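Dear colleague,

Please find the structure below, together with a summary of what was found in it. I would be grateful if you read the two side by side.

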Amino acid sequence: DTSGKTITCRAAIAWKTGSTLAIEEVQVDPPKAREVRIKMISTGICGTDDHAVKGLLSLNFPFIPGHEGAGIVESIGEGVSSVKPGDKVLTLAIPQCRECSSCLHPKGNFCEKQDVLPSSGLMLDKTSRFTCKGKKIYHSFRASTFTEYTVVPEIAVAKIDAAAPMDKVSIISCEVPTGYGAAVNSAKVTRGSTCVVFGLGGVGSAIVMGCKASGASRIIGVDINEEKFPRARALGVTDCLNPHNLKKPVQQVVMEMTRVGVDFAFEAIGLSDTMIAAWDSCHRSYGICLMVGVASSNSQLSLNAPDIISGRTLKGVCLGDYKTRDCIPQLVTDYLQNKINIDPLITHQLPFDQLHKAFELYHAGKTIRCILLF
Ligand code: COD
Ligand code: ZN
């Protein structure tokens with residue numbers, strides 16, 4: 001029984017900006033009050049983790065990356081009531097405290113106790129549960145899933161169906177709600193509508209799935225890596241555009257293709273230029289533009305101010321606007337009941353110790369999602 005004891009296990013540490021991850025032996029403290037220690041079973045590699053390791057998101061180093069995790073509760077701290085040892089759970093990059101302004105508002109989901117913007121890398125009591133070689137190691141995004149064991153606040157844990165296949169459902173922790181949820185829950189894509197999706201990686205592919213499931217009749221996919229096109233087409237993209245092969249700016253091409261602009265535009269890359277292109281692809285009166293990609297810290301977005309008045313909607317969205325603990329377990333159940341199929345979003349599965357190979361595949365643009373298995 002490991003409950004109440006420090007656990008020594010393997011974890012990937014980002015020691016400094018831009019350095020390759022190092023698999024190290026770490027000490028994981030027991031959970032304090034209202035905290036949960038989780039034995040990780042699988043974790044996805046999300047674009048946000050790569051941004052974080054590269055130092056684009058102003059996180060404290062050294063830290064343990066990863067936020068897209070599925071695991072089993074190993075032990076709980078005092079006062080934890082929503083999960084117990086043995087429960088299957090997902091980690092939540094955006095918690096749901098049920099007490100803050102966002103949580104109490106019917107539409108809000110960006111809980112005040114999130115640790116993405118800004119990121120302290122610490123637990124809610126401002127301390128860390130990780131040590132390596134005597135050094136304090138920071139957490140990331142209330143999760144830190146690139147480790148055999150992690151500790152997270154209870155408000156950042158969702159208990160899921162006991163029948164969930166744990167080698168797959170980790171992507172329902174981020175990629176699926178972020179992408180699919182942006183389309184079906186946040187934008188509420190309508191039947192017969194026209195959509196454009198910038199970025200056909202993991203998140204963009206999940207957006208395409210959501211647009212298709214909502215009955216969109218035309219889905220334009222934009223990516224600079226044409227290797228992403230066949231899979232995107234299989235998921236529902238009707239027209240693929242590579243901005244590098246166009247003679248005009250991509251938004252102008254989308255305008256010409258649709259004559260009036262799209263009903264729904266999604267940005268899933270995290271760059272100002274593609275955010276502007278998405279905005280400029282929308283119908284100027286009723287178009288809805290959703291910003292899904294996480295942009296680099298301190299980057300700015302510059303829009304033509306007089307154009308704003310024509311009526312278009314610009315909306316940021318995180319985790320599909322879902323209140324995470326309330327809604328994410330239902331996505332797992334929907335998957336188990338064949339109401340959504342997440343399988344096409346998973347292209348690779350590798351053991352945790354092949355983390356470097358997984359990142360190489362990601363950097364080479366070969367993956368939609370690679371899941372690491374512990
Ligand atoms: N034009 C077109 N396509 C591009 C361009 C460009 N200039 N640059 C890159 N791309 C393509 C890449 O070829 C790739 O296919 C895709 O964009 C990006 O996909 P991935 O697979 O690298 O990344 P994802 O899909 O896992 O993540 C998307 C982001 C990198 C934007 C990531 O930051 C993100 O949005 N994550 C979801 C939000 C999130 O993590 N929320 C939780 C914390 S709040
Ligand atoms: Zn909250």
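In sequence, the donor residues of the zinc ion (ligand 2) follow the spacing C-x2-C-x2-C-x7-C. Donors here are N, O and S atoms within 2.8 Å of the metal (3.2 Å for Na, K and Ca); water is not among the atoms, so sites may look incomplete. The SG atoms of Cys 97, Cys 100, Cys 103 and Cys 111 coordinate the zinc ion at 2.3 to 2.4 Å. The arrangement is tetrahedral because the 4 donor atoms subtend angles of 102 to 119 degrees; four donors count as tetrahedral if all angles lie between 85 and 135 degrees.

Please note that this is a predicted model, in which local features need pLDDT of at least 70 and side-chain atom pairs count only at pLDDT 80 or more, while totals for chains, interfaces and linings use all residues. Residues are numbered from 1 along each chain as its sequence is written, chains are lettered from A and ligands numbered from 1 in the order in which they are written, and side-chain values use heavy atoms, with hydrogens and water left out.

I turn next to ligand 1. Its shell holds 28 residues, the closest being Thr 48, Val 203, Asp 223, Tyr 362 and Arg 369; a residue belongs to the shell if one of its heavy atoms lies within 4 Å of the ligand. Of the shell residues, 13 are nonpolar, 12 polar and 3 charged. In this division Ala, Val, Leu, Ile, Met, Phe, Trp, Tyr, Cys and Pro count as nonpolar, Asp, Glu, Lys and Arg as charged, and the others, Gly among them, as polar.

Ligand 1 lies between domain 1 (7-168 + 346-373) and domain 2 (179-317), because both give residues to its shell; the domain bounds come from an automatic or database domain assignment. Helices α1 (47-53) and α4 (202-213) each supply at least two shell residues, and α1 gives the largest share, 3 residues. Helices are DSSP runs (H or I, at least four residues), as are strands (E, at least two), numbered from the N terminus.

Oxygen atoms of ligand 1 lie 3.0 Å from a backbone N or O atom of Gly 47, 2.8 Å from one of Val 203 and 2.7 Å from a side-chain N or O atom of Tyr 362. The protein covers 89% of the 900 Å² of accessible area that ligand 1 has on its own (Shrake-Rupley method, 1.4 Å probe).

Finally, a cis peptide bond joins Phe 61 and Pro 62, with omega about -10 degrees.

Note on methods. A polar contact is a pair of N or O atoms within 3.5 Å; within protein, one must be able to donate a hydrogen and the other to accept it, and residues adjacent in sequence count only if both atoms are side-chain atoms. Four donors count as tetrahedral if all angles lie between 85 and 135 degrees; four count as square planar and six as octahedral if opposite donors are over 155 degrees apart and all others between 65 and 115; anything else is irregular.
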